Structures are given as structure tokens and as C-alpha cells.
Amino acid sequence: MIDCYTPAKTRLLGVADRLAATCTDTTMPQMLALGASMVAAVASTNYLFGAAAWFGPFYMAIICLMTWALGARIGLVTGLVCMGTGLWLNGFSLYTGDRFTVGWTIGTRAASVLLVIALVSTFRRSYVREWRRARTDYLTGAMTKRAYLEDRAKRTSKSYWRVLAYLDLDKFKEVNDTQGHAEGDAVLSMFARNLIGTIRSSDALVRLGGDEFLLEIWVRSESDGRAAMSSIHRRLNEALQVNQHKLGCSVGAILIPPRAKAVSEIEISAADELMYRAKRDRMREPLLALHTVGAEPIRSTERPAFIPAHRHAA
């Protein structure tokens with residue numbers, strides 16, 4: 001399931017994306033209840049008007065909606081329910097002719113329902129695939145900044161802390177200059193792969209551009225956040241000591257207490273500033289800076305608190 005849709009700005013695509021967002025973000029029990037209610041509403045109207053009115057398009061709309069939201073299997077079950085409901089309410093009064101003609105008509109309508117279900121489910125898979133490609137960095141597999149700000153940045157919690165870390169590879173330019181961009185791409189891919197393997201699916205890794213990344217992790221307390229970043233920082237520096245590159249990673253991170261407010265460019269910029277402070281002070285402090293965000297706005301003049309970490313070549 002896609003985490004979040006952002007409706008397109010164009011009118012027609014915007015309507016389609018809003019429908020996709022509603023269907024995709026709604027839970028399965030909610031969609032099943034919605035589908036059952038819609039079938040009941042159409043069936044009730046069908047019963048009142050009788051066989052004289054054709055309600056096929058309304059049933060088909062429900063089938064398409066359930067197929068998009070819950071998949072082809074649920075769409076098939078919905079199709080059988082809708083066809084059964086129509087036959088139960090109208091009998092065979094909608095079908096005229098001999099048995100062969102009636103059977104042929106019912107069979108072709110059933111085939112049409114199956115074709116629509118197949119087309120909708122195929123379109124949905126293509127939609128999801130392209131949606132993910134547009135929001136994933138092809139080289140590292142990390143999220144793009146746009147995808148993060150549209151989705152994960154908007155998550156909030158009343159009980160968990162959020163750690164927002166800005167990461168920058170040290171001496172990465174030397175790799176590109178001396179061994180070529182292909183080797184540099186391999187280093188970035190390895191770095192992101194190690195980091196993604198370290199964090200949980202609820203966390204997020206974002207490539208901001210070049211050798212700069214943004215990491216978001218969720219922890220239960222401030223101390224857990226500091227311990228987690230220290231561990232991640234150590235693992236990353238150990239992983240970067242490959243192929244005789246002797247690279248390092250500068251990290252600036254802010255710890256955001258539980259709150260009902262999304263991450264904005266302000267917090268990202270604060271983490272960025274802490275990262276550059278850590279890089280600047282690398283000769284006398286470990287390359288890891290953490291700052292706890294309280295009720296007061298982030299003030300760039302505050303000195304970050306450093307925590308122990310293994311030193312590495314700058």
C-alpha cells in the first residue's frame with residue numbers, strides 16, 4: 001500500500017489522484033463497509049424502481065472502486081455479489097430470448113466484469129509503480145526530498161520522539177576526482193544500502209542531492225535517540241572504510257519531542273547547520289552533533305551538544 005498520495009494540480013488528474021488517495025489510505029475494514037453500504041444503497045434503489053431502470057453502471061462503479069482499493073480478488077467477489085444481487089432483484093426479466101441467448105448475454109456481461117477488474121488492477125499496479133519511481137532515488141533507493149515532505153514529514157506522534165539527522169560524506173569529492181564517478185556512485189549506493197539495512201521500515205532515508213542525506217528515525221525517549229544516532233554513526237563510519245577510501249560521515253541531528261507538528265524546512269535547515277558545525281569542529285570533537293528541540297524555536301546561535309563516537313579520518 002502506498003503511504004500517501006499528493007493530488008495533482010491539473011483538474012482532471014487532481015480528481016483522479018484524490019480518489020486514489022481516498023481509496024488507498026482507507027483501511028480494509030472501512031473499504032469493505034463502504035462497499036457493502038454502496039451495494040445496499042444501489043440494491044434498495046433498484047428494488048424501488050424495479051427492472052425498468054438499468055443500474056448496471058452503478059454496480060460497475062462499485063466493482064471498480066473495490067478493485068482499486070483492495071485488489072482483484074475483492075473486486076471479483078464484489079462483482080459476483082453485484083451480479084447475484086441484480087439477478088435476485090430482477091430475475092431474468094432483463095434477458096429475453098431462448099436459453100442460449102440468455103446464457104450468452106449473462107456470460108458476456110460476466111466476461112465484461114472480469115475484463116474491467118483485470119484492467120483496473122493492472123492500471124493500479126502501474127500507477128503504484130510509477131508513483132514509487134517518481135519518489136525514489138534511482139541510485140540509492142532512498143526517498144526524494146519531495147516525497148519526504150509530502151508524506152513522512154507530515155507524520156506526528158504524541159508518544160515518540162523524532163530524530164532528524166543531516167548526513168554528509170567526508171572526502172567524497174576526492175573519490176569522484178581520483179577514481180571516477182562510477183566509483184563514487186558505488187560508494188553512495190553502498191552507503192545508502194548499509195543505512196537502509198540499519199533502520200526500520202517506519203524510519204526514512206532521504207537523498208537530498210550529491211552526497212547529502214536526511215535520516216528520520218522514531219524512538220521512545222531522548223536518550224534512545226542519542227544512543228541510536230551514536231550507534232548508526234559508528235556503523236556508517238565503519239562501513240565507509242572500504243576499498244581504501246577511508247571516508248567518513250559528518251552528522252548533525254536534532255531530537256524533536258512528541259508533538260502534533262510536521263517537519264518543515266526549518267528543522268531540516270537546523271540539522272544541516274549542526275552537520276556543518278560538526279564538520280568544522282572535527283579536529284577536536286567527534287563528527288556527530290545532537291540538539292534537542294524544545295518548546296522554543298530553534299536558535300542557530302546555540303552550541304550543539306556532542307556525544308561520544310569513534311573518531312575517523314576527516
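This is a predicted model: local features need pLDDT of at least 70, side-chain atom pairs count only at pLDDT 80 or more; totals for chains, interfaces and linings use all residues.
**View 1. Helices α4 and α5 crossing.** Here α4 (residues 72–90) and α5 (residues 99–134) have axes that come within 10 Å and cross at roughly 155°. That makes α4 roughly antiparallel to α5 (angles over 145 degrees count as such). The crossing of α4 and α5 is right-handed. Helices are DSSP runs of H or I, at least four residues, and strands are runs of E, at least two.

**View 2. Where α4 meets α5.** From α4, look for A72, G75, L76, G79 and M83; they meet I106, A110, V113, L114, I117 and S121 of α5 (contact means heavy atoms within 4.5 Å). Sorted by class, this contact has eight nonpolar, three polar and no charged residues, with Gly counted as polar.

**View 3. The largest nonpolar core.** This core has 31 residues, and L167, F191, L195 and L215 touch the most other members. A core here is a set of buried nonpolar residues joined through side-chain atoms within 4.5 Å, buried being under 20% relative accessible area with a 1.4 Å probe. Elements giving it two or more residues include β2 (161–170), β4 (212–219) and β5 (248–256). Its largest share, six residues, comes from α8.

View 4. Leaving aside residues up to four places away in sequence, F191 touches L167, L169, F213, L236, L240 and C249.

**Notes.** Residues are numbered from 1 along each chain, and side-chain values use heavy atoms, without hydrogens or water. Local features need pLDDT of at least 70, side-chain atom pairs count only at pLDDT 80 or more, and totals for chains, interfaces and linings use all residues.

Conventions
Axes are lines fitted to C-alpha atoms, for helices over the stretch in contact, and angles run from 0 to 180 degrees between N-to-C directions. Angles under 35 degrees count as roughly parallel, over 145 as roughly antiparallel, 65 to 115 as roughly perpendicular and the rest as oblique. A crossing is left-handed if the near helix is turned anticlockwise from the far one by less than a right angle, and right-handed if clockwise. Buried means under 20% relative accessible area, exposed over 50%, partly exposed in between (1.4 Å probe, protein chains only).
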